[in-house]
Amino acid sequence: MNRSGDAVGEFMRFYKVSPKDLILIYDDLDLNTGQLRVKERGGSGGHKGCTSVISSIGTEDFIRVRLGIGRPAAGNDIVGYVLSEFKREELPVIETAVENAAEAVRLAIDNNILVAMNKFNQ
């Protein structure tokens, strides 16, 4: 996932997809589990997969939908945490977040990115 820009860049070049038509959806340790953030453009926030996409396509101007997964307890391995399954009690929150992310994408596709940002960036 840290090198996902390779595949995204190749896909976009092959199909002649503009960065303005890209919606990148990814996890975010800095958001609480289930929290959602929608951005029209910007940096990677330290997310290696997003950094890879930015490097590969040469711009930060694309939509991002970030899904919060929270941070592991102090002293726990971040990579292991990111790759682990969600706890049973987290599943309803994650399911709702995925549904909200899908709605945010639908709004963005319909050129209502500001509506998506206002609705989910609370």
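In this predicted model, aspartate 27 sits within strand 1, which spans residues 23-28. With a relative accessible area of 26%, aspartate 27 counts as partly exposed, because that value falls between the 20% limit for buried residues and the 50% limit for exposed ones.

When neighbours within four places in sequence are left aside, aspartate 27 is in contact with His47, Leu67, Ile69 and Val82. With one of these partners, histidine 47, the side chain of aspartate 27 makes a polar contact of 2.8 Å. Valine 65 lies 38 residues away from aspartate 27 along the chain, yet the C-alpha atoms of the two residues are separated by 8.6 Å.

Turning to the nonpolar cores, the largest comprises 14 residues, and those touching the most other members are Leu36, Val38 and Phe120. At least two residues of this core come from each of strand 2 (36-39), strand 3 (63-68), helix 4 (91-109) and helix 5 (113-120). Helix 4 provides the largest share, with six residues.

Another core, of 10 residues, lies apart from the largest one; Met12, Leu24, Tyr26 and Ile54 are among its members.

Note on methods. Residues are numbered from 1 along each chain as its sequence is written. This is a predicted model: local features need pLDDT of at least 70, side-chain atom pairs count only at pLDDT 80 or more; totals for chains, interfaces and linings use all residues. Side-chain values use heavy atoms; hydrogens and water are left out. Helices (H or I, at least four residues) and strands (E, at least two) are DSSP runs, numbered from the N terminus. Buried means under 20% relative accessible area, exposed over 50%, partly exposed in between (1.4 Å probe, protein chains only). Contact means heavy atoms within 4.5 Å. A polar contact is a pair of N or O atoms within 3.5 Å; within protein, one must be able to donate a hydrogen and the other to accept it, and residues adjacent in sequence count only if both atoms are side-chain atoms. A nonpolar core is a set of buried Ala, Val, Leu, Ile, Met, Phe, Trp, Tyr and Cys residues joined through side-chain atoms within 4.5 Å.
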